[in-house]
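Work through the following exercises with the sequence and the model open beside you. Each task is followed by a solution that goes step by step.

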Amino acid sequence: MAKLRFKAIELAQSRKPIEIKEQLKRSELFGKNVFNENTMRQYLTKEAYKGVMSAIEHGKKIDRKIADQVSSSMKEWALSKGVTHYTHWFQPLTGATAEKHDAFFETIENGMAIEKFGGSQLVQQEPDASSFPNGGIRNTFEARGYTAWDPTSPAFIYGTTLCIPTIFVSYTGEALDYKTPLLRALHAIDAAATDVCKYFDKNVKKVTSSLGWEQEYFLIDKALANSRPDIAMTGRTLLGHSPAKGQQLDDHYFGSIPSRALNFMRDLEMECMLLGIPVKTRHNEVAPNQFELAPIYEEANLAVDHNSLLMDVMGRVASRHDFKVLFHEKPFSGVNGSGKHNNWSLSTDSGVNLLSPGKTPMSNLQFLTFFINTIKAVNNHEALLRAAIASASNDHRLGANEAPPAIISVFIGAQLTQVLEELEGVTKGKLSPEEKTDLKLNVVGKIPDVLLDNTDRNRTSAFAFTGNKFEFRAVGSMANCANPMTVLNTIVAKQLKDFKVEVDTLIDKKDLKKDEAVFNVLREYIKSSRNILFEGNGYGEAWEKEAKRRGLSNNKTTPEALKARISKKSIELFEQMNVMSKIETEARYEIEIEEYTLRIQIESRVLGDIAGNHIVPTAVKYQNMLIENVKGLKEIFGKDFEEHASQQIQLIKGISGHIEAIHAKVEQMINTRKKANNLKDAVKKAEMYCNEVKPFFEDIRYHCDKLELMIDDEIWPLTKYRELLFTR
Ligand code: ADP
Ligand code: MG
């Protein structure tokens, strides 16, 4: 084993940056492999173009005739670019992307062949794909799953394949993927927000939800990563002693990007340009060999697709540069983990960002309406929002004093806190002309210039307002953004819907003017949402206590957190907003619970294997070397030998102690696992894995890491942290 380690190190150290040629400007590359508006204008008839655009903009159905025209033009475009295959591209509940390629090629009579791609192949496919998680939705009688074209996300070419973004649903119409509920949630927020916008601007016809994600990741030399069975099997290191130098000097953060990594990034960015992913920012992150990449924000559905596509493309480009990308939230203990900030905002078809303060008192009242409704939505559904980011890997990060805590709270900054305080004092019912003027001039009217110099940014908050958007920072780096985006858009949609009812009631029943009614409802919302607002240090122990007092949830593990997904309140919410039926919500819960168990189970097996079959034999080998040495010393020095062999004897004893402990713990862990595996109830099983199996990991690791410090570096089998993290 040690041979593999040293071979890998030698290989990693001999690598040279892969040369990258940039012949075209980024803007010239952008969208070249996308069947976007521009391409459609060139390739489609006027009628087909109009059909697709009205499907994108108004959700209109595309009829067969138009689908035939579109598919034929898509084929023509794709063939002109050397494409041979097409695939429906979808996001099953594994979190990854899925594709099944079919050739355009088809045989006809007389032994001849043609390239064919009809409307029916574009619109719907039955990929079978029965092995994807479905939470019991696909029973054996109705096991078929269908993919159906999502025209709101444009088709693209990757390699020699035309990829058509699709939803994935069961024969009976239930969602089997991430995209379907997201599209429904985006529809819900469009409807609810457009209705509310009409108080302020009658001409608004559509509200779009935007997402700008920031993706953190580690880049590790491929040979080094492959030399570690834990990284290969679980995406993280299950053991390994911290190096003498970690991130304490902060010398990696925003430093100059190492040239091998930089060339990988440039290569990746060019791929992204071709695919229409508008990547813009790149930099070193806090931990050694950790980086971040962020695009310009886009419509949420497209942004989610682009993030999923990016993660796939990153893996492939990394391989060309002899790297492995680690998306795991906590690949290394002792240095920072990775997250995926989700920047979220709403904007109208007239181009107004509803979360950006405006120029007039009226537009600011609109801003406050959306701002306060979002806060209230998070206040009402904080536990569900936490559930939306729960995973075995994200559990390592949340609450680990480097990332947001497991408590969801909203940070808004000192100035807006003050604005809310003033609004809380608004008179109940009708407002006097003086009060109205005062509100317009001194409260609502003052927001823009105040926010311009709002630079206080609280990095410890899970959900922070950052000037013209909210930033959901607790999302895991491995996660598919669709899940948190579905929940966020759904809870805000529900909140806006309730808001509209309340305001209308005040207008109709209490004879209030529109702005009076809005002020009245917002005042009550501020009062009832106070608990979710927190400006202090989210990492501190004091906040845990305070949050508890406020009644906020603090679910530190996935099995605990996921319960909020199937609470009566959540099930009703999803049903009422037409985002997910009860069956769909329950199925998702089942899938997530099971995935949790499987991940911990795999980690447990891998750890048992490494500890028992790699670490212990190495320890025994080294102990034998020491014993030989002591025997030799005894031969030379006779009864005085102990004077010269005391260190060695200490080591021999120490090693025995650790070996014994590892054996005992691994055995106990295996027995506990067996018990857990016998449980019929999936939730109980997950809880047992969480509360009884997982705690062994730290114990076993402790002893293995101690051995790493004792044993001769020459024979240590696992590539060490310093080698993984500091090889550039
Ligand atoms: P940081 O949060 O690291 O300081 P920025 O504030 O510049 O960085 O933006 C981070 C991300 O926020 C980018 O991906 C950007 O596209 C996105 N973003 C900026 N404005 C909006 C918006 N109105 N809606 C959604 N995302 C946005
Ligand atoms: Mg950010």
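## Exercises on a predicted model

**Exercise 1.** Find how far apart the centres of domain 1 and domain 2 lie.

*Solution.* The centres of domain 1 and domain 2, taken over C-alpha atoms, are separated by 51 Å. To place the two domains on the protein chain, note that the domain assignment puts domain 1 at 20-170 and domain 2 at 595-726.

**Exercise 2.** State what confidence the predictor gives to this predicted model, using the mean pLDDT of the protein chain.

*Solution.* Begin with the protein chain, whose mean pLDDT is 93, with 98% of its residues at 70 or more.

**Exercise 3.** Describe the shell around ligand 1, naming the closest residues and the elements that give two or more residues to it.

*Solution.* The shell holds 15 residues, and the closest to ligand 1 are Gly 212, Ala 294, Tyr 297, Asn 343 and Ser 345. Two or more residues each come from strand 9 (207-221), strand 11 (290-295) and strand 14 (340-348).

**Exercise 4.** Decide whether helix 23 and helix 25 are roughly parallel or roughly antiparallel.

*Solution.* Helix 23 (residues 641-678) packs with helix 25 (residues 695-710) at an angle of about 155°, their axes being 9 Å apart. Because angles over 145 degrees count as roughly antiparallel, helix 23 is roughly antiparallel to helix 25. The crossing of these two helices is left-handed.

**Exercise 5.** Carry out the corresponding analysis for helix 7 with helix 17, and for helix 12 with helix 18.

*Solution.* For helix 7 (residues 179-197) and helix 17 (residues 482-509), the axes come within 8 Å and cross at roughly 30°, and the two helices are therefore roughly parallel to each other. Helix 7 passes helix 17 in a left-handed crossing. For helix 12 (residues 361-380) and helix 18 (residues 514-528), the packing angle is about 30° and the axes are 10 Å apart, so helix 12 and helix 18 are roughly parallel to each other. The crossing in which helix 12 passes helix 18 is left-handed.

Notes:
Residues are numbered from 1 along each chain as its sequence is written. Chains are lettered from A and ligands numbered from 1 in the order in which they are written. This is a predicted model: local features need pLDDT of at least 70, side-chain atom pairs count only at pLDDT 80 or more; totals for chains, interfaces and linings use all residues. A residue is near a molecule or strand if its C-beta atom, placed from the backbone, lies within 6 Å of it. Helices (H or I, at least four residues) and strands (E, at least two) are DSSP runs, numbered from the N terminus. Domain bounds come from an automatic or database domain assignment. pLDDT is the predictor's confidence in each residue, from 0 to 100. Axes are lines fitted to C-alpha atoms, for helices over the stretch in contact, and angles run from 0 to 180 degrees between N-to-C directions. Angles under 35 degrees count as roughly parallel, over 145 as roughly antiparallel, 65 to 115 as roughly perpendicular and the rest as oblique. A crossing is left-handed if the near helix is turned anticlockwise from the far one by less than a right angle, and right-handed if clockwise.
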